[in-house]
Amino acid sequence: MALNYHQLHIFYTVAEKGSFSAAAQALHMTQPAVTMQIQSLEDYFGTKLLLRSTKRIELTEAGKALMPYAERGISLMRETDSAMAQFTQMLEGRLQLGASLTIGEYVLPRLLGPFSQQYPSISIVLKVMNTAEILEQILHHQLSFGLVEAAVQHPDMVMEPVMEDELKLIVPAGHPLAALPKVRLDEVLEYPFVLREKGSGTRQVMEEELSRLSVPSDSVKTVMDLGSTGAVKSAVEAGFGITMLSPSSVKHEVALGLLKILDIQDVSFKRYFYSIYLKSTLLPTSAVTFLDFLRKQKLPL
């Protein structure tokens, strides 16, 4: 019998999850199938790797020694998939992903056409929701992976930067700030803000940068929390306040002369868009290829 990567992946997932049932759920396998693969791996090495109990499994000394090799094997397979994705042209299948609102509504629609031309046999199903909802659906195995606008810290997740973006100050075309040659942060904070809701990636990036600059949270006079970028833009157009958004999300309104994009002097709200998925999940080649395609694109500003 030869050692195979699939068994190492199962072993790593069982050890990470602490139980056969949790690993089976994460791997979309039956519990007996997981148990059988672990037994086969133990037969191959001729030693016990896991100590089974009614509460939680524990690693034997041999299991502890195997863990770093299993983890490196998983990382190597992911790197291999990424390296070979550029050579894979004849892919088929259905790719379902979640994307936070700015990415799903304003970035991906302009990129899906070129991707579909290059990979016509891959059909994409896109679910648009906020970052917190994407995380929840991935954890409950309702999504394979997601694209989010802010870093998410979770012990079960792999997070990788895919594209770079920068939030800008967005004001109505006739706003007093729009006439200034340069805009300072203290001038900006004199005006009311219309912002995305708590839990959105855009809101999180703005708050984290202001915190880094030691700007008190109550310095931002928020008059509205809205659940979509479209609602925020409409409120700003109507004169209820100013906001911070990705330029890609206001391209149409700027072209029509309704909104104006401004830089804040000596302040940068740069961010990455991230892919996020469970550590216990190996993405299909179609997903790896899609993410590799995104990394090579520049945002359509």
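**Group meeting: loops, cores and a buried arginine**

Asp 266 sits in the loop between β10 (259-262) and β11 (269-278). Helices here are DSSP runs of H or I, at least four residues, and strands are runs of E, at least two, numbered from the N terminus. Asp 266 has a phi near 65°, positive in a residue other than glycine. Most residues other than glycine have a negative phi. Asp 266 is exposed, at 75% relative accessible area. Exposed means over 50%, buried under 20%, partly exposed in between, with a 1.4 Å probe and protein chains only.

A word on the model. It is predicted, so local features need pLDDT of at least 70 and side-chain atom pairs pLDDT 80 or more, while totals for chains, interfaces and linings use all residues. Residues are numbered from 1 along each chain as its sequence is written, and side-chain values use heavy atoms, without hydrogens and water.

Next, Ser 214. Its loop runs between α8 (201-212) and β8 (222-226). Phi of Ser 214 is also positive, near 65°. Ser 214 is exposed, with 64% relative accessibility.

Now the inside. A nonpolar core is a set of buried Ala, Val, Leu, Ile, Met, Phe, Trp, Tyr and Cys residues joined through side-chain atoms within 4.5 Å. The largest has 25 residues, and Leu 108, Phe 145, Leu 147, Phe 290 and Leu 294 touch the most other members. Two or more residues come from each of β3 (93-99), α5 (101-118), β6 (157-172), β11 and α11 (285-295). Apart from it lies another core of 23 residues, including Leu 167, Val 171, Met 244 and Phe 269.

Take Phe 145. Contact means heavy atoms within 4.5 Å. Beyond four places in sequence, Phe 145 contacts, among others, Leu 95, Ile 138, Ile 276, Tyr 277 and Phe 290.

Last, Arg 196. Buried or exposed? Arg 196 is buried, at 4% relative accessible area. It lies in strand β7 (residues 193-196). Its side chain makes a polar contact of 2.9 Å with that of Glu 197. Another, of 3.4 Å, joins the side chains of Arg 196 and Thr 229. A polar contact is a pair of N or O atoms within 3.5 Å; within protein, one must be able to donate a hydrogen and the other to accept it, and residues adjacent in sequence count only if both atoms are side-chain atoms. Beyond four places in sequence, the contacts of Arg 196 include Asn 130, Arg 203, Asp 225 and Val 232.
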